[in-house]
Amino acid sequence: MGEISREATGPNADHHDLHFPAVTEGTPIAELSGVGVRFGRMPILRGVDLTIDPGEVVGVVGPNGSGKSTLLRILATLLKPTEGSASILGAHIGSNGVLAARSGIALLGHHPGLWGELTLEENLTFVARMAGAPTDGVATALDQVGLGGAKLRRADHSSHGMQRRVEFARALLTKPQLLLLDEAHAGLDRAAQMLVNVTVSDVRRRQGAVVLVSHEPDRMLPLVDRTYHLEGGSLLPNGPTS
Amino acid sequence: MTGPTFWCQVKEIARKDLLIEGRAGEALFITIPFGAVALMLIPLAIGTDKPLLAQVGPGMFLAVALLFGMLVAFRQTAADTPPQRELLTLLGTDPAAQFVGRMASSTLLLLIFEAVLAPVTLILYNPGRIPGWPWLLLVMFLLALGLALVGTLAGSVTAGLRTRNTLTPLLVAPLSMPLLLASAQVVEALREEASILLWITLLATMNLAIAVIGVLTARPLEESSR
């Protein structure tokens with residue numbers, strides 16, 4: 001496994017032809033207003049107001065079970081709020097516009113969405129083709145996350161840490177406008193943790209936005225512009241971090 | 001700026017599924033050989049009554065193709081995990097393209113299955129020359145397509161359910177019965193040199209209906225599986 005590249009820009013970094021929705025200037029990347037989520041009678045989130053502007057990196061801290069992952073799933077448009085309204089990349093959740101907005105969102109969760117029988121390279125090539133991204137960026141992305149030498153290894157023969165690295169390679173390859181990181185540092189060794197910084201910087205540089213959630217704020221704080229505390233389903237601002 | 005076209009997505013989904021199946025070998029190396037073995041066991045149970053074997057041969061072929069074909073159609077390697085489904089959603093994949101791509105890969109595997117079963121049937125059952133036998137090639141294709149469609153649709157309906165493994169066969173079995181019935185009637189009609197148009201039309205119509213239902217319900221089913 002090679003060293004992780006700090007250079008986040010690949011050969012296609014500045015002329016990617018992905019089919020992202022057009023977000024007009026001044027439009028927030030994400031805007032939640034009075035968002036609540038209930039599973040049955042149990043409230044998971046309540047009255048969440050959150051606006052994330054282009055170029056912003058927002059951190060959400062909270063204990064296990066506080067609703068962090070639910071919040072990320074709403075921001076990823078994978079979950080429709082039961083109360084309030086949510087607009088992501090200019091599209092209201094529940095409208096047809098969300099279908100186009102989704103291709104501008106990347107969610108890196110606890111379980112990497114890899115196909116075990118495919119090699120790491122095949123996984124990324126599949127993603128590139130489905131996203132309409134150039135496949136010649138796959139090798140570069142794997143090199144950037146230090147997996148250039150392991151590209152022919154099957155995903156189910158790779159360690160969890162390597163699978164997490166592939167997720168970051170996917171984010172570098174597809175260049176999302178909204179990057180959602182769920183416990184970003186979990187399962188990564190010290191060298192690989194640099195990937196979080198590299199990927200966040202890449203999205204910020206492109207005027208995208210990043211949301212990091214964690215129950216361990218220490219490693220997240222240096223990366224974010226402002227933080228929120230999520231407890232009992234309510235989102236409370238902690239203010240700017242710098 | 002445009003993303004990949006519908007048919008590009010179909011091609012990539014089918015290609016991925018076949019690559020995974022080629023490596024996992026769930027259908028190719030487990031289900032298909034076991035289906036062929038099942039076909040071999042029946043003559044042992046019936047005995048050496050050659051006229052009877054010749055009479056039941058095509059029916060046995062269809063029954064084994066249906067029973068084991070169901071296993072091929074909803075094989076575990078064609079089921080995506082929740083993170084994989086979420087990834088496909090966030091890549092902007094059209095659920096209808098997923099349906100068509102998965103159906104295409106299953107159809108190919110089922111055609112391979114039938115191609116393995118057919119010579120085994122001819123050797124062990126010796127059904128003799130059936131007049132107009134080339135029509136059976138069309139029936140085999142329509143049966144493979146129908147099973148793939150039913151299996152893929154059932155897979156979409158049960159995606160994300162904990163009871164998937166139990167529920168899928170329960171959905172597939174009754175939906176597959178008209179396929180078995182129509183295919184068997186084609187064989188019978190060919191033997192009696194009667195018209196097969198009605199049964200071929202039934203097979204084709206059923207396939208078309210399931211395809212339309214599968215494509216139209218792909219997105220609502222995908223949204224509700226999360």
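**Figure 1. Overall build of chain B in the predicted model.** Buried residues account for 44% of the 226 residues in chain B. The model shown here and in the following views is predicted. Chain B has eight helices and zero strands, and its pattern along the sequence reads α-α-α-α-α-α-α-α. The radius of gyration of chain B is 18 Å, close to the 17 Å from the globule rule for 226 residues, so chain B is as compact as a globular protein of that length. Along the principal axes, the C-alpha atoms of chain B fill a box of roughly 65 × 35 × 30 Å. When contacts in chain B between residues at least 6 apart in sequence are counted, 86% of them join residues at least 24 apart.

Figure 2. Helix 6 of chain B spans residues 134-158 and contains B:Gly155. B:Gly155 counts as buried because 25 C-beta neighbours lie inside 10 Å, where 20 or more are required. Beyond its neighbours within four places in sequence, B:Gly155 contacts B:Phe74, B:Ala78, B:Ala79 and B:Thr168. B:Ala65 is 90 residues away from B:Gly155 in sequence, and their C-alpha atoms are 19 Å apart in space.

**Figure 3. Contact between chain A and chain B.** Chain B contributes 21 residues to the contact, and chain A contributes 24 residues. On the side of chain B that touches chain A, helix 1 (6-24) and helix 4 (82-90) of chain B each supply at least two residues. Helix 1 of chain B gives the largest share of that side, seven residues. Sorted by class, the side of chain B that touches chain A consists of nine nonpolar, seven polar and five charged residues.

**Figure 4. Overall build of chain A.** Chain A contains six helices and ten strands. Of its 242 residues, 51% count as buried. Among contacts in chain A with a separation of 6 or more, 72% are between residues 24 or more positions apart.

**Figure 5. Four-stranded open sheet of chain A.** The four strands of this open sheet in chain A are arranged in the order 2-1-4-5, with antiparallel pairing. Strand 2 and strand 5 (91-92) of chain A are the edge strands, each pairing on one side only. Strands of a sheet pair through backbone hydrogen bonds, in either a parallel or an antiparallel sense. Strand 1 (residues 30-39) of chain A is joined to strand 4 (residues 83-88) of chain A by five bridges, and the two run antiparallel. In this pairing, A:Ala30 has A:Ile88 of strand 4 as its bridge partner.

Figure 6. Seven bridges pair strand 1 (residues 30-39) with strand 2 (residues 42-52) of chain A in the antiparallel sense. A:Phe39 has A:Met42 in strand 2 of chain A as its bridge partner, and A:Glu31 stands opposite A:Thr51 in strand 2. Two residues lie between the strands of this hairpin, where A:Gly40 takes a positive phi near 70 degrees.

**Figure 7. Helix 1 of chain A.** Helix 1 of chain A covers residues 68-75; seven of its eight residues are buried, so the helix is largely enclosed by the rest of the structure. The buried residues are A:Lys68, A:Thr70, A:Leu71, A:Leu72, A:Arg73, A:Ile74 and A:Leu75. After helix 1 of chain A comes A:Thr77, which has a positive phi near 65 degrees.

**Figure 8. Nonpolar cores.** In soluble globular proteins, nonpolar side chains tend to be buried together. The largest nonpolar core in this model has 78 residues, of which A:Leu75, A:Ile88, A:Leu124, A:Ala169, A:Leu178, A:Leu180 and A:Val211 touch the most other members. Not counting residues up to four places away in sequence, A:Leu75 touches A:Ala30, A:Ile88, A:Leu178, A:Leu180 and A:Val211. Another core, of 53 residues, lies apart from the largest one and includes B:Leu66, B:Phe68, B:Leu110 and B:Met206.

Notes: Residues are numbered from 1 along each chain as its sequence is written. Chains are lettered from A and ligands numbered from 1 in the order in which they are written. This is a predicted model: local features need pLDDT of at least 70, side-chain atom pairs count only at pLDDT 80 or more; totals for chains, interfaces and linings use all residues. Two residues are in contact if their C-beta atoms, placed from the backbone, lie within 7 Å. Ala, Val, Leu, Ile, Met, Phe, Trp, Tyr, Cys and Pro count as nonpolar, Asp, Glu, Lys and Arg as charged, and the others, Gly among them, as polar. A nonpolar core is a set of buried Ala, Val, Leu, Ile, Met, Phe, Trp, Tyr and Cys residues joined through C-beta atoms within 7 Å. A residue is buried if 20 or more other C-beta atoms lie within 10 Å of its own, exposed if 12 or fewer, and partly exposed in between; C-beta atoms are placed from the backbone. The radius of gyration is taken over C-alpha atoms; the globule rule is 2.2 Å times the number of residues to the power 0.38. Two strands pair if DSSP finds at least two bridges between them.
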